[in-house]
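This report describes the packing of one protein chain. The sequence and model are shown first.

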Amino acid sequence: MASLGELERSVMEVLWNSDADVSANELRDALVLRPDSTGRAVATTTVLTVLSRLERKGFVTRSRDQRPHRYRALLSREEHTAELMHEVLDRSSDRDAALARFVGTVSDREAATLRRLLDELAHH
């Protein structure tokens, strides 16, 4: 799973926060609050290019049975985050050390969640 660029992340945030499939124009309108580096609003063609890249990367799918096409995320935000965590661990030369370092930095609440999840996994 490739990492996301800034505009790709912005598009994914809109899709993750939407309860329904979204058109490119609706995405553009949602991104108006995030102007590009020139200070202009993001163009629909730019949104379509980003959506095409995200579709190739496996992040989004589109319904082709209606016009305009409508897009939705293939993975939830949580699934994407978990995949990123696995990617980082896969790149580590010492997974155990990386996990130990990570666990050593979590809050008490997060540690309790990890304990509970590991206990649930052990009992299944």
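Which residues does Met12 touch, not counting residues up to four places away in sequence? Met12 touches Leu4, Leu54, Phe59, Val60 and Ala73, where contact means heavy atoms within 4.5 Å.

The model is predicted: local features need pLDDT of at least 70 and side-chain atom pairs count only at pLDDT 80 or more, while totals for chains, interfaces and linings use all residues. Residues are numbered from 1 along each chain as its sequence is written, and side-chain values use heavy atoms, without hydrogens and water.

Met12 also belongs to the largest nonpolar core, which has 19 residues. Such a core is a set of buried (under 20% relative accessible area, 1.4 Å probe, protein chains only) Ala, Val, Leu, Ile, Met, Phe, Trp, Tyr and Cys residues joined through side-chain atoms within 4.5 Å. Helix H1 (6-17) gives the most to this core, with 5 residues. Helices are DSSP runs of H or I with at least four residues, and strands are runs of E with at least two.

H1 and H2 pack at an angle of about 110 degrees, with axes (lines fitted to C-alpha atoms over the stretch in contact) 10 Å apart. H1 is therefore roughly perpendicular to H2, a class that covers 65 to 115 degrees.

| Strand | Partner | Sense | Bridges |
|---|---|---|---|
| S1 (residues 22-23) | S3 | antiparallel | 2 bridges |
| S2 (residues 60-63) | S3 | antiparallel | 4 bridges |

Tyr71 in S3 is the bridge partner of Val22 and stands opposite Arg62.

Methods: Buried means under 20% relative accessible area, exposed over 50%, partly exposed in between (1.4 Å probe, protein chains only). Two strands pair if DSSP finds at least two bridges between them. Axes are lines fitted to C-alpha atoms, for helices over the stretch in contact, and angles run from 0 to 180 degrees between N-to-C directions. Angles under 35 degrees count as roughly parallel, over 145 as roughly antiparallel, 65 to 115 as roughly perpendicular and the rest as oblique.
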